[in-house]
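Dear colleague,

I am passing on the structure we spoke about, and below it you will find my notes on what turned up when I went through it. Please read them with the model open beside you.

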Amino acid sequence: MHSSPNAITIEAGFDTGNIQVLDASDPTNIRLAIRPDTRSGHFQWFHFRASGLVAGERYEFVITNAGQSSYPHAWNGYDAVACEDSEHWFRVPSHYDGSALSFSLVASAPIISFAYFEPYRLARHEALMARADAHHGLERLATGRSCEGREIPLYRAGKGEPGKRKLWFIAQQHPGEHMAEWFMEGIIEALEQGEPWLRSLLERAELYLILNMNPDGAFHGHLRTNAAGKDLNRAWQDATAEETPEVHFALQQMDKHGVDLFIDAHGDEEIPHVFTAACEGNPGYSPRIADLEARLRDALCARTAEFQQRHGYTRDLPGQANMRLACNAVGQRFDCLSLTLEMPFKDHLDAPEPRTGWSGARSARLAQDMLKVVADMVPVLR
Ligand code: ZN
């Protein structure tokens, strides 16, 4: 006699968790919904753990409100990620019917986690801060606070010497874009390895690093906003200490130390490629900045198949940039090379890896390629 699978338990009550269980009584039709960000209608990020699974049995999960999410078209061509050992995430074939996203798998472990993308959990975030704090080449220059009081350290590799170029990297303003902190882990790893190319970079430049701009949103399993329901990447003209203290802190520190290059790491829900967006719509856009943007993009293309220039956002018309975005605001304020780096939630189709899709490890590797490109450009940034 073939026994039917037991009822399973779905849990999301942990950092970065997000799911509501509608009905888990039928293992072949587990009905779920994504919970919106606090004080905001945005949602798309999900992360939950299913337990009580029986090896060899097939389970089907249905996210019933996918069609009402922030980027419903992004579910086309998207596969969820799953993990059976808390370390190795793999893609699960998924189907979007225009209203619900469903994915199924045959269990090979009693507990399996599922997420929108390989999550950068709180424990790893804390461990990364500890690595940065412990690294002799890094200084914790200042510590900002999120709405809910979580620390937002600014790290500097360098001593604030006036002649050196100030290179800023920030990440995860949008808290569901977990690839962004994986990218920052790649930078910390490069600093720890201290290879000759990086040592020569640091002879001429300093790195200013904010590993995670939105720790509240990440903790709560948000897609887009901080704990006050604010989209930080729309707050760079009117940041306040009350509602967007994360941006307020970053801008204050930038004004204090200066910026010669700015990279803001993000993830894009829809486009299955790595790409950059830049400052072509800024009022202060100049041939000098256009040349720097082209140089960086060309050099990154030449260095890695994990980057390309054919796919991306529609370019802003001259003078039509949204100045509330970090990239545009910082580029304008400091007349510097300034880019939003977008990594996919899906895969980078110029160099696909079907088993994992785009992943944390690929994000970290891309950071090291980006740093090498930037190292070569230091002499021409000003
Ligand atoms: Zn983003």
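Between the two domains, 24 residues of domain 1 are in contact with 24 residues of domain 2, and please keep in mind throughout that this is a predicted model. The domain assignment places domain 1 at residues 7-115 and domain 2 at residues 122-380, and the centres of domain 1 and domain 2, taken over C-alpha atoms, are 29 Å apart.

The area buried between domain 1 and domain 2 comes to about 1,900 Å², with 53% of it given by carbon and sulfur atoms. On the domain 1 side, Trp45, Tyr71 and Arg91 together supply 32% of the area buried against domain 2, which is more than any other three residues supply.

As for polar interactions, there are 18 residue pairs in polar contact between domain 1 and domain 2, counting pairs with both residues at pLDDT 80 or more, whereas the count of salt bridges between domain 1 and domain 2 is 0. The residues of domain 1 on the side that touches domain 2 divide into 11 polar, 8 nonpolar and 5 charged.

The other item is the metal site, where the zinc ion is coordinated by ND1 of His174, ND1 of His266 and two OE atoms of Glu177, at 2.1 to 2.5 Å. Along the chain, the donors of the zinc ion follow the spacing H-x2-E-x88-H. The arrangement around the zinc ion is irregular, because the 4 donor atoms subtend angles of 56 to 148°.

How values were computed:
Residues numbered from 1 in each chain as written. Predicted model: local features only at pLDDT ≥ 70, side-chain atom pairs only at ≥ 80, totals over all residues. Heavy atoms only, no water. Domains from an automatic or database assignment. Contact = heavy atoms within 4.5 Å. Buried area = accessible area lost by both parts, 1.4 Å probe. Salt bridge = Lys/Arg side-chain N within 4 Å of Asp/Glu carboxyl O. Polar contact = N/O pair within 3.5 Å; in protein donor to acceptor, adjacent residues only side chain to side chain. Nonpolar A, V, L, I, M, F, W, Y, C, P; charged D, E, K, R; others polar. Donors = N, O, S within 2.8 Å, 3.2 Å for Na, K, Ca; no water. Tetrahedral: all angles 85-135°; square planar, octahedral: opposite > 155°, others 65-115°.
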